Amino acid sequence: MVLTGSPSPIPQPYEAPHDWVDRYLLAGPADQECLRFGAPVDRAALRALVAEQAARLSAAGLRRGGTAALRLAPSLGYTAALLACWQLGAQAVLLDHRLTDHEVALAVERLAPQVLVESAHGPAAAMRGFAETDPVPVALPGGRPAATGHALVQLSSGSTGPAKVIARTAADLLRELDCYARLEAFPKAGERVVLLSSVVHVLGLVGGLLNSLYARVPLTVPARMTTAGILAAVAADDRPTTVIGVPFHAELLAGAADPPPLPQLRRMIVAGELVRPGLPAAFTGRYGVPLGTMYGMTELGVIATDLDGDLHPEAAPVHGMDLREDGGELHIAMAASPYPGLTDPTRWSDGRLHTRDAGRVDPATGRITVLGRRDSQVSIGGLKVDLNEVEHTLAALPEVREAVVVFADGAIEGYLTVEESGPGGDAEAAVRAALVRELAAFKRPRQLSFLPALPRTATGKLVRDTAALRAASAAAGPAAAS
């Protein structure tokens, strides 16, 4: 293990040695602060916690080439369990802790991990930035070892059928860390990061957690994800500070009525969805620092950046990224498909990832302009949601005859017809209760409209035009929408 004051450079071609976790993420002076989930944690303490979790996972039967699913809230325990999985040479499957038991059961059935890691503690309270966790690994009957050499497996938007299974190798994670290291405006040693993005998803995981460990940049997760909690976390340390989050967080901070002076704040960086046009100016006007943006995908991590906010609406591709525009869609060179077991030429073919993002590539500069999604995936507070998954879940309920789900004005809306209830029955209440059981809160429609019949086209197809659906709801009367 390398224990110097600066990180080991990541050589090219990108390859991950068997000790890549120790060499690139855990190495460093024993007394060097690396994480702060409430209390500061130095590298010696983190290494000890990882060793403890590795022993627990080994006792549960996890071995090199094995599979472990982590259902843990952002926490020190989550960090230690994830690094321990990789240290053992196992494949880690990340499940968002906000998923329901129903969704987790579907994910476990689909992916068949050998071990499931959950917390002995209850879920974190709303608006908490992190939780107290005591990871408990349990061996699962029927679990299978890894079918591929990928280190990380994530679900694109949930845990049911429509979600994509996305896998990345350790070498790919190291390649992304090298990309961050080459960005002059990204946090460097001597600075710190306040992370608002979830460490279960790609921005918070690699751009936040893993990069901070590699680059020797202490990382703080606020105790509360409120405006006051975030500002307090920034103000708690005099070192130059970068805040990393999603546009929703930037909106919160830009709307602060009377923020305290924050001379240590260098910039905020956001990713996950397009930024509304007036937000960068509003944020800079409030704090006097840039609101930088990044474009990325779970499949690849960071793709292009505008960290100083002076390229908007363009972004510059990171090191080694080869993008081109094909029929108005952004395609990216990628040697192998990130979707294990899936053969779909509309997602990956001929060495190119089809992003399903509309965009342009400037032939003179190579910079890209992202115009938005071309498929059914939307972003709610920086979290990806597949509208097909929500619609399928809604339509599958026994009380529902038919359903349409749309995304408008930043929210998910559901339009449906229900079966007539028997004596004493309440179909609408049953539908709402079922959605609470089967969908995480951020996936549920903000508004449900119960209609006597859904509008259809002349050929009998369900109408998906938001204006027409809203008109049908208004015609049905105030009781239809709630």
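Visitor: How many aromatic pairs does the count come to?
Guide: This is a predicted model, in which local features need pLDDT of at least 70, side-chain atom pairs count only at pLDDT 80 or more, and totals for chains, interfaces and linings use all residues. Residues are numbered from 1 along each chain as its sequence is written, and side-chain values use heavy atoms, with hydrogens and water left out. Rings of Phe, Tyr and Trp (its six-membered ring) pair if their centres lie within 6.5 Å, and planes under 30 degrees apart are stacked, over 60 edge-to-face, the rest tilted. By this rule the number of aromatic pairs is 5.

Visitor: Over the ring of which residue does the charged end of Arg 347 sit?
Guide: A charge counts as over a ring if NZ of Lys or CZ of Arg is within 6 Å of the ring centre and within 35 degrees of the ring normal. Arg 128 is one case, lying over the face of Phe 130 at 5.0 Å from the ring centre. For Arg 347 the distance to the ring centre is 6.0 Å, and the ring belongs to Tyr 339.

Visitor: How far apart are the C-alpha centres of domain 1 and domain 2?
Guide: The chain is divided into domain 1 (23–168), domain 2 (193–375) and domain 3 (381–476), with bounds from an automatic or database domain assignment. Between the C-alpha centres of domain 1 and domain 2 the separation is 23 Å.

Visitor: What area is buried between domain 1 and domain 2?
Guide: In contact (heavy atoms within 4.5 Å) are 37 residues of domain 1 and 32 residues of domain 2. On the domain 1 side, Met 127, Lys 164 and Arg 168 lose the most area to domain 2, together 18% of what that side buries. Buried area is the accessible area (1.4 Å probe) lost by two parts on being put together, summed over both. Carbon and sulfur atoms give 61% of the total, which is about 3000 Å².

Visitor: How many residue pairs are in polar contact across the interface of domain 1 and domain 2?
Guide: On the domain 1 side, elements that each supply at least two residues touching domain 2 include helix H2 (43–59), helix H3 (76–87) and strand E8 (165–168). The interface of domain 1 and domain 2 also has 1 salt bridge, a side-chain nitrogen of Lys or Arg within 4 Å of a carboxyl oxygen of Asp or Glu. A polar contact is a pair of N or O atoms within 3.5 Å; within protein, one must be able to donate a hydrogen and the other to accept it, and residues adjacent in sequence count only if both atoms are side-chain atoms. With both residues at pLDDT 80 or more, the number of such pairs across this interface is 11.

Visitor: With which residue does Lys 443 form a salt bridge?
Guide: The whole structure holds 23 salt bridges. Lys 443 lies in the loop between helix H11 (427–438) and strand E25 (447–450) and its partner is in helix H4, so the pair ties together parts 340 residues apart in sequence. The closest N and O atoms are 3.1 Å apart, and the partner is Glu 103.

Visitor: What is omega of the cis peptide bond that joins His 312 and Pro 313?
Guide: A cis peptide bond also joins Gln 12 and Pro 13, with omega about 0°. Pro 313 is in the loop between strand E14 (301–306) and strand E15 (314–317). For the bond between His 312 and Pro 313, omega is about 10°.

How values were computed:
Helix = DSSP H or I, 4+ residues; strand = E, 2+ residues; numbered from the N terminus.
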